[in-house]
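Q: Hey, can we go through this structure together? I'd like to start with the charged side chains.

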Amino acid sequence: MQHVRSIWNGAISFGLVSIPIKLVNATESHSISFRQIHTEDGGRIRYRKFCELEDREVTQGEIGKGYEDADGTIIPITEEDLSSLPIPTAKTIEIVAFVPADRIDPLQMDAAYYLQASGAPAAKPYTLLREALKRSNKVAIAKFALRGRERLGMLRVVGEAIAMHGLLWPDEVRAPEGLAPDTNVTVRDQELDLADALMDTLGEVDLEDLHDEYREAVEEVIAAKAAGEAPPQAPEPATGGKVLDLMAALESSVRAARESRGEDAEHAEVKSLPQRKTARAAPKQTGGKKSTSTAKKTAAKKTTAAKKSTAKSGQGQGQGQGQGTTKKTASKSTAKKTTAKKSTPRKRSA
């Protein structure tokens with residue numbers, strides 16, 4: 001791992017065992033930063049810090065912290081005041097419990113850090129804690145202080161290192177009350193089957209294959225303008241009608257997903273999934289109705305054609321009995337073929 005500057009030095013408190021560590025950021029941002037400019041002449045817009053009492057600009061060294069009381073009084077708070085707080089986590093990551101990982105609500109997850117062993121004396125206890133976490137299949141819950149406040153953390157093993165995820169306190173996570181639909185909605189089995197088919201068609205994805213397309217597009221715009229060229233134009237958005245039928249939307253989604261994966265569009269119709277081992281009703285043949293309707297329409301057209309052929313043969317009897325007999329025979333033959341096609345069972349793959 002490349003050298004990364006530590007943002008906090010302290011120790012992990014593991015019972016009576018103390019493990020000197022350095023806290024290192026585990027993530028980095030690749031977002032593009034912009035500067036504020038004056039649109040008329042391109043000049044930089046900068047913020048200057050002024051003292052309200054002296055009405056003059058002050059340097060960073062002259063700026064400290066202060067707490068504003070309810071009556072507007074400012075109470076100065078120095079770094080010495082914060083460093084001498086009477087809490088054990090001021091310079092220590094204090095492990096308080098070990099719990100299964102699924103006990104942690106993902107909503108609580110915050111920033112991620114790596115814990116780096118600090119010096120040779122930390123190697124043995126660091127390795128001990130790492131191997132203990134591996135064997136227990138649990139994560140450690142800890143308390144630590146960072147940037148002026150006490151925080152909650154979760155320690156877990158990543159590769160051969162120990163990582164720590166900052167956690168929000170339980171009372172900092174809002175309950176999702178009032179966010180679900182108010183009305184009673186009934187979801188049919190056919191809709192669930194189509195949703196399952198769409199999920200199966202989309203399948204899985206290797207997260208390494210995903211990338212930030214927005215950032216790449218912004219970089220292209222910057223490069224084009226820097227070269228004095230016109231920036232690339234965005235493609236026209238697809239103009240689709242408002243979909244009111246959920247079933248139709250799901251079916252179209254499955255077809256589109258299969259076509260995007262290179263499957264034949266003719267074979268992209270939705271088929272029922274195998275019966276699941278759940279209490280839910282067995283999937284219905286949702287696609288069968290459409291096939292039956294199509295077959296009926298085809299048979300009806302052929303039958304109509306046969307009737308017209310029969311009517312014409314009747315008109316031709318005055319012209320010649322032999323010719324009329326031939327046309328009637330052809331009509332009967334056509335009718336038999338139509339009947340045979342209607343009786344042929346359709347095979348559907350599950």
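Predicted model: local features only at pLDDT ≥ 70, side-chain atom pairs only at ≥ 80, totals over all residues.

Q: Which residue does Arg56 form a salt bridge with?

A: That's Glu54, and the closest N and O atoms are 2.3 Å apart. Arg56 itself is partly exposed, at 34% relative accessible area.

Q: Which residues are linked in a network of salt bridges?

A: Arg130, Glu131, Lys134 and Glu160. Within that group, Arg130 and Glu131 meet through their side chains at 3.0 Å, N to O. Arg130 also pairs with Glu160, where the closest N and O atoms are 3.5 Å apart.

Q: What does the pair of Glu160 and Arg130 tie together?

A: Parts that are 30 residues apart in sequence, because Glu160 sits in the loop between β10 (149-158) and β11, while Arg130 is in helix α2.

Q: And is Arg130 buried or exposed?

A: Arg130 counts as buried, with 12% relative accessibility, because the cut-off for buried is under 20%.

Q: Switching topic: which residues touch the most other members of the largest nonpolar core?

A: Ile12, Ile21, Ile93, Leu115, Leu129, Leu155 and Met164, out of 20 residues in that core. Elements giving two or more residues to this core include β1 (8-14), β2 (17-25), α2 (123-136) and β11 (161-167).

Q: Which element gives the largest share of this core?

A: Strand β9, with 4 residues.

Q: Let's zoom in on Leu129. What does Leu129 touch?

A: Leaving out residues up to four places away in sequence, Leu129 touches Ile12, Phe14, Ile19, Ile95, Phe98, Leu155 and Ile162.

Q: Nice. Now the outside: which residues form a nonpolar patch on the surface?

A: Tyr67, Ile75 and Ile77, and together they have about 270 Å² of accessible area.

Q: Where does Ile77 lie?

A: In strand β6, which covers residues 74-77. Ile77 is partly exposed, with 30% relative accessible area.

Terms used: Residues numbered from 1 in each chain as written. Heavy atoms only, no water. Core = buried A, V, L, I, M, F, W, Y, C linked by side-chain atoms within 4.5 Å. Buried < 20%, exposed > 50% of the residue type's maximum accessible area, 1.4 Å probe, protein only. Contact = heavy atoms within 4.5 Å. Patch = residues over 30% accessible without salt bridge, like charges linked within 9 Å, V, L, I, M, F, W, Y side chains within 5 Å. Areas by Shrake-Rupley, 256 points an atom, 1.4 Å probe, with all protein chains shown as cover. Salt bridge = Lys/Arg side-chain N within 4 Å of Asp/Glu carboxyl O.
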